[in-house]
Amino acid sequence: MQQKKIQLPEDEMIRQWYNVLPDIPNGIAPPLDPETMQPMGPEKLAPIFPVGLLEQEMSDQRWIDIPTEVQEILRIWRPAPLVRAENLERALGTKAKIFFKNEGVSPSGSHKTNSAVAQAYYNQREGVKRLATETGAGQWGSALSFATSKFGLECMVYMVRVSFDQKPYRKVMMNTYGAAITPSPSDITATGRAVLARDPDTPGSLGIAISEALEDASSRDDTKYALGSVLNHVCLHQTIIGLEAKKQLAMIGETPDVIIGCCGGGSNFAGLATPFLPDKLEGKPIRFVGVEPASCPTMTKGVYGYDFCDVARRTPLLYMYTLGHNFTPPGIHAGGLRYHGMAPIISAMLREGLMEAVSLHQLECFEAGTLFARTEGIIPAPESCHAVRAAIIEATIDKNEPKTILFNLSGHGLLDLSSYEKFSAGELHDYDLPAEAIAAATRDLPKV
Ligand SMILES: Cc1ncc(COP(=O)(O)O)c(C=O)c1O
């Protein structure tokens, strides 16, 4: 019988993160100061991020030690299992082998906890008392709420309104961990009040919620800001996923032909794929496939250039694929994929031709998630359904090709059941984004 779950023994836990920055051909362009539009050093960011994270953001060290305090907490659920989706393979009638990393086993239900624990640790070490953050699907907010509870910090979460309404139990989860939460846009911040005055019925967006959390953090001395994706240090913390997967595949003598992850800001995909980049650069024929929603096609239809990470133009400008910081994506149910920009690391890999990007519609993704639930038993988060769908496409292009597919099941969907309910009632729709909408959103890109 083929081994179903490949478990890494606890004493083989990953003790160093892999920093891909030195290995990206031609590197990534520096962030720009939003006031001067000049390259920006870490000192300008020190009021909002702890030094420990800023060092990682700009580090040229390939390997960075995971602090023992962080390892201790990650050990609650890590190493995460690598699972062979043999029931799905059988249902598809494919000769491809499909493996997935199950990040849904974390306390809050997704990969986001990997970075949340590290971020809470570095903030607490530097005397920060409170963190402000945004959350799209609620997964990042839940993860940070859990992590701050472990380190005795307060946590304030601005949750994108459409997800706040779709996923009421995320709020309960965050409150249970001790965090405070408000729908975004809110009337707590000037940014939120301005958006509400313009558009009282807005579904909100991650770009708006980031602005609110940043405003909160910069208006208080005891508070710093935490971001759940996009930035280099977040992608770094997620490499524990790919590093574990590499060891687990080696245990059964497998190497992946295709590596797949869904992309919101890019962190879970970066975490799974980048530890395999050195192998690819050495000539191993590994394909990386990032999957985004057709309604928020940052990589497939966006512009590559400098842009802000938020609506209020408070953040540094990052060089990335973007749909424009003013872009408000349709209210699809994969809230964590509704982001206008893509991590500079992923953007650079795409530019260098080191990865492929595909965009998929939400109905085909929920269909894939439903098949996955009926075969493998796990109900995937709507975001993760994009990776499931792409894995199914890879496995069935030629069902006789015996390739090895590795994808990231970035989270479970047990708090997303209202989306599944709407899907099975036929109430979900696909959104095709007209070219004019993209052109209009990217028109406001800053001139650099
Ligand atoms: C389950 C899940 N997967 C994926 C994502 C997308 O984020 P990222 O691209 O940073 O991994 C999110 C974001 O909220 C998420 O909750």
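This is a predicted model: local features need pLDDT of at least 70, side-chain atom pairs count only at pLDDT 80 or more; totals for chains, interfaces and linings use all residues.
**Domain arrangement, ligand shell and sheets**

Contact between the two domains involves 34 residues of domain 1 and 31 residues of domain 2. On the side of domain 1 that touches domain 2, the elements giving two or more residues are α10 (232-251) and α17 (417-424). Of these, α10 gives the most, with 5 residues. By class, this side of domain 1 has 11 nonpolar, 18 polar and 5 charged residues. In the division of the protein chain, domain 1 comprises 5-12 + 79-109 + 235-442, while domain 2 comprises 44-64 + 112-226. The centres of domain 1 and domain 2, taken over C-alpha atoms, are separated by 22 Å.

The ligand lies between domain 1 and domain 2, because both give residues to the shell around it. This shell has 20 residues, and the closest to the ligand are Q139, S229, G264, G336 and G411. Three helices, α5 (139-151), α11 (267-273) and α16 (382-396), each supply at least two residues of the shell. In terms of class, 13 residues around the ligand are polar, 6 are nonpolar and 1 is charged.

An open sheet of 4 strands is found with the order β8-β7-β6-β9 and parallel pairing. Strands β8 (180-184) and β9 (223-226) stand at its edges, each with a single partner strand, so one side of each is left without a neighbour in the sheet. On average, and with direction ignored, neighbouring strands of this sheet are turned by 20° against each other. Strand β7 (residues 154-160) runs parallel to β8 and is joined to it by 5 bridges. Within this pairing, M159 has P183 in β8 as its bridge partner.

Helix α9 (residues 206-218) packs on this sheet, where it touches β6 (130-135), β7, β8 and β9. The direction of α9 makes about 170° with that of β6. Helix α9 also packs with helix α8 (residues 190-198), at an angle of about 145° and with the axes 8 Å apart. In this contact, A190, T191, G192 and V195 of α8 meet I208, S211, E212 and E215 of α9. The contact of α8 with α9 has 3 nonpolar, 3 polar and 2 charged residues by class.

Strand β5 pairs in the antiparallel sense with strand β4 (residues 82-84), over 3 bridges. In that pairing, F100 in β5 is the bridge partner of V83. Strand β5 is also joined to strand β15 (residues 404-409), by 6 bridges, and these two strands run parallel. Here F99 stands opposite L406 in β15. In general, strands of a sheet pair through backbone hydrogen bonds, either parallel or antiparallel.

Definitions and conventions. Residues are numbered from 1 along each chain as its sequence is written. Two strands pair if DSSP finds at least two bridges between them. Axes are lines fitted to C-alpha atoms, for helices over the stretch in contact, and angles run from 0 to 180 degrees between N-to-C directions. Two residues are in contact if their C-beta atoms, placed from the backbone, lie within 7 Å. A residue is near a molecule or strand if its C-beta atom, placed from the backbone, lies within 6 Å of it. Ala, Val, Leu, Ile, Met, Phe, Trp, Tyr, Cys and Pro count as nonpolar, Asp, Glu, Lys and Arg as charged, and the others, Gly among them, as polar. Domain bounds come from an automatic or database domain assignment.
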